[in-house]
Amino acid sequence: MAVVVRAGAAPMLWLGGLAAAVGLVPEGLTGRSIGLYGGAAVFLVTAAVVASVRTGRYRELQRAATRAARGDILQDRAVTVRNWRRRHRWWLLAAFAAAVGGAFAVPAAGGLLLAGAGAGLWLKARALGRRESAAETLLWVRTDWVEDGRPTGTRVKGYRTTGPAAGDAAPGGARRR
């Protein structure tokens, strides 16, 4: 389940960092230093907000989690990440274009906003991983319940659990080594 949360973190961080770097080229309306200071503040606020939003729903679903049945379809980590990124590639490109375009007004702020959202998703996945490690279980969402890559959507009735050795993902959605 944390794989779905973590799937968007890397592209948002990379595209946000690239947009921030490209955004430093134009002077912008506010100037580079104001853009960087404002962007740093926006990065921190966005990361904190994204990391903390809907945590109650995650905890609620984790408390109601049941053991995965034989009929449950649990997807491979690489397939989940690929599906999420394919579904959201146009949104990611649009956010990148908006961040680069916004650099003509406030340099680097839009890119740092996008990177902050990615950092917040990464922090949320880390928190989920800590809870998975503490409970010594991995949390899964049935693939037919995940709508548009949202692990807490309205169709998600509950999480499924397996032992920590199941699958190819470590707690928090990272690749098992």
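Leaving aside neighbours within four places in sequence, P107 is in contact (heavy atoms within 4.5 Å) with G23, P26, E27, G28, T30, G31, R32, G35 and L36. This is a predicted model, in which local features need pLDDT of at least 70 and side-chain atom pairs count only at pLDDT 80 or more, while totals for chains, interfaces and linings use all residues. Residues are numbered from 1 along each chain as its sequence is written, and side-chain values use heavy atoms, with hydrogens and water left out.

**P107**
- P107 sits in the loop between α5 (77–102) and α6; helices here are DSSP runs of H or I with at least four residues, strands are runs of E with at least two, and both are numbered from the N terminus.
- With a relative accessible area of 0%, P107 is buried (under 20%; exposed is over 50% and partly exposed in between, with a 1.4 Å probe and protein chains only).
- P11 is 96 residues away from P107 along the chain, and their C-alpha atoms are separated by 20 Å.

**Helices α2 and α6**
- Helix α2 (residues 9–23) packs against helix α6 (residues 109–135) at an angle of about 160°, with the axes 7 Å apart; axes are lines fitted to C-alpha atoms over the stretch in contact, and angles run from 0 to 180 degrees between N-to-C directions.
- The two are therefore roughly antiparallel (angles over 145 degrees; under 35 is roughly parallel, 65 to 115 roughly perpendicular and the rest oblique).
- On the α2 side, the contact residues include M12, L13 and L15, and on the α6 side they include L112, L114 and W122.
- The residues of this contact divide into 13 nonpolar, four polar and no charged (Ala, Val, Leu, Ile, Met, Phe, Trp, Tyr, Cys and Pro are nonpolar, Asp, Glu, Lys and Arg charged, and the others, Gly among them, polar).

**Helices α3 and α6**
- Helix α3 (residues 32–52) and α6 cross at roughly 25°, and their axes come within 7 Å.
- α3 and α6 are therefore roughly parallel to each other.
- Among the residues making the contact are F43 and V50 of α3, and L113 and K124 of α6.
- This contact of α3 with α6 counts 15 nonpolar residues, five polar and one charged.

**R160**
- R160 belongs to strand β3 (residues 160–162) and is buried, at a relative accessible area of 14%.
- The side chains of R160 and T66 are joined by a polar contact of 3.1 Å (a pair of N or O atoms within 3.5 Å; within protein, one must be able to donate a hydrogen and the other to accept it, and residues adjacent in sequence count only if both atoms are side-chain atoms).
- Not counting residues up to four places away in sequence, R160 also touches several others, including D72, W140 and W145.
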